[in-house]
Amino acid sequence: MRVSCIAVDDEPLAIEKLKSFIGKLPQLQLVATFGRASEAIEFLRNNPVQLIFLDIQMGGMSGIDMVEGMIDKPQVIFTTAYNEYALKAFELSVTDYLLKPYTFERFKQAVNKAIDYIYFQQAAVVAAPNAIDYIFVKSGYKLVKVFLNEILYIEGMRDYQCIVTPAAKILASHSFQELELTLPKNFVRCQKSYIVSLSKIESIENDRIKIGSKFIPIGDTYKEAFYKLI
């Protein structure tokens, strides 16, 4: 699988470095490069890609402004000389944050993460184009098939998400955001570190959800939306 990508940076040397690094990875196909975010946006209207390498501070529109304005957002890897935007990048759910000057190994690590996410999204769609009843998740060096009706809840654990079923606990190397976008609407985030299956809830008392022997708190941020759903 070749992943289509563009590079956006107002520094010619930075673009040349990206072109060189992308050229070393046969799984990437560089479609175009741009010196301004506005030019990239115009191109993407008729030429969607799967991955964007994007600088943050540029003349005119910033990389953050560009991502915030996108509706159908591909995978985005920020490439910047400034570390103060890392928190904002996390809030925007970008794939990775490369701090200049980055090495080829660090670049390749970010690309592999993006490709994993793209493969994960495609596998979920192929698995059930009409009515999703299972997904594939990346766990270690393999893809594991998980039936949705078996999932009790999902717990965040640092760099992994623990998918809990009656028979197993599967450590998936995907972000909460990736899982939320893939799961159907009966899976709801009730707290910063938990997604629950509404069909598996046995009772709710004192803002705590009981699923089997597990008690899961309902966070203040998610409380209003959660109770509206049920």
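## A pair of strands to start with

Strand β9 (residues 160–164) and strand β10 pair in the antiparallel sense over 4 bridges. Two strands count as a pair if DSSP finds at least two bridges between them. Within this pairing, Cys 162 has Leu 171 in β10 as its bridge partner. In general, the strands of a sheet pair through backbone hydrogen bonds, either parallel or antiparallel.

Before going on, a word about the model: it is predicted, so local features need pLDDT of at least 70 and side-chain atom pairs count only at pLDDT 80 or more, while totals for chains, interfaces and linings use all residues. Residues are numbered from 1 along each chain as its sequence is written, and side-chain values use heavy atoms, with hydrogens and water left out.

Helices (H or I, at least four residues) and strands (E, at least two) are DSSP runs, numbered from the N terminus.

## Buried or exposed?

Ser 197 is found in strand β12. Ser 197 counts as buried because its relative accessibility is 1%; buried means under 20% relative accessible area, exposed over 50%, and partly exposed in between (1.4 Å probe, protein chains only). Leaving out residues up to four places away in sequence, Ser 197 touches Ile 151, Leu 152, Asn 186 and Phe 187, where contact means heavy atoms within 4.5 Å.

Now compare Ile 230, in the segment after α7. Ile 230 is exposed, with a relative accessible area of 51%.

## The whole protein

Stepping back, the protein has 7 helices and 15 strands. Its C-alpha atoms fill a box of roughly 60 × 35 × 30 Å, taken along the principal axes. Of the 230 residues, 43% are buried. Among contacts between residues at least 6 apart in sequence, 50% join residues at least 24 apart.
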